[in-house]
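Q: I would like a close look at one part of this chain. Please keep it brisk and tie the pieces together.

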Amino acid sequence: MIVDTVDMMGRVPVTVLKAQGELDASSYQELIDVARQAYNEGTKHMVLDMSELTYMASSGLIALQSIAVMLRGEEPPDPEYGWSAFRAASHDRELGLQEHFKLVNPQPNVDRVLDLVGFKHYLAVFDDLEAAVASF
Amino acid sequence: MPSGVLEGPVAAMGSETGTIVLKTELEGKDEQGRPVLELALDAGLDELAAIRHQVERAGRALGLGPKALSDLCLAVDEAVTNIVEHAYGGKGGQVVLSLSATDDVVKVVLRDWGEAFEPQAVPMPDVDAPLDQRQVGGLGLFLMRQVMDSVCFNFDRHNGNQLTMIKRREGGKA
């Protein structure tokens, strides 16, 4: 998987993460790392362009969750400690759609994974990159 | 080396990364003349993409459609990831994969010799829970159960863990 970043300007600055290739347990940490670097450099709003992401496993969902938590200003659990780290991260706040992290144009097999786990209730999905950037 | 009644060519497969210690592919025919695929490999996370591509190629040869191929690859990927991460503690280890089909179903069997896996010990994720209240740890198993019609684990002290997953073919074009 290759992840490129592009800075765009809507009503606010937005960093677009463009993922190409296959997102699985061998590569999801790379996506988190790229997002973290952008976040550490001041990004507060991110879009993940999934139009050239040809595959996503459950580990990709962990990356999406980690990025969403990071952009809320919270520290995501370290995935190196295993999936169980995420159980420890659970708390009681009610959350709706994430305000700082949105998805664009997932391919059918990736979209299906998002649907199967109900992630689209919490991460807005756009068909168009410009619309996603303008939505912040 | 996987057991089973296999005929046809036996090809030793190389590795682009050089990390696969053993990767032997046997493609042949079952008793009814249908193609079968068996892979014996030292699985690690770096091999996931190669395994998916092998399964996709074999599934296509079995006549599976795009959706069934996608589901099959996802289920195998999640299963192998679990084996590497949990059965072998992240270090990887030997996995034997067998893929076969009849007119009605496609069946994949994965065997490993790592720690026994107890699916009952993995809590099913609450997919309706808010994002950060989810127990992501069960998502891989959850996805396997969502995309396959049957997911069955067996642990044998001598013969290792065996995971059998079955997907029904819809009108022969699943």
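Is N105(A) buried, partly exposed or exposed?

A: N105(A) is partly exposed, because its relative accessibility is 29%, and buried would require under 20%. Note that this is a predicted model. N105(A) lies in the loop between strand 4 (101-104) and helix 4 (108-116) of chain A. Its backbone deserves a look. Phi of N105(A) is near 55 degrees, a positive value in a residue that is not glycine. Most residues other than glycine have a negative phi.

Now step back into strand 4 of chain A. Side chains in a regular strand alternate between the two faces of the sheet. In strand 4 of chain A, both faces are covered. F101(A) and L103(A) are buried on one side. K102(A) and V104(A) are buried on the other.

Next, the neighbours. Strand 3 (residues 46-56) of chain A runs parallel to strand 4 of chain A, and 4 bridges join them. Within this pairing, K102(A) is the bridge partner of V47(A). Strand 5 (residues 125-126) of chain A is also parallel to strand 4 of chain A, with 2 bridges between them. Here V104(A) stands opposite F126(A). From strand 4 the chain passes through helix 4 to strand 5 of chain A, and this β-α-β crossover is right-handed. The loop that holds N105(A) sits between strand 4 and helix 4 of chain A.

Elsewhere in the chain, helix 2 (residues 58-71) of chain A is largely enclosed by the rest of the structure, because 14 of its 14 residues are buried. Just after helix 2 of chain A, G73(A) has a positive phi of about 85 degrees.

Conventions:
Residues are numbered from 1 along each chain as its sequence is written. Chains are lettered from A and ligands numbered from 1 in the order in which they are written. This is a predicted model: local features need pLDDT of at least 70, side-chain atom pairs count only at pLDDT 80 or more; totals for chains, interfaces and linings use all residues. Side-chain values use heavy atoms; hydrogens and water are left out. Buried means under 20% relative accessible area, exposed over 50%, partly exposed in between (1.4 Å probe, protein chains only). Two strands pair if DSSP finds at least two bridges between them. A crossover is right-handed if, with the strands pointing away from the viewer, the path from the first strand over the helix to the second runs clockwise.
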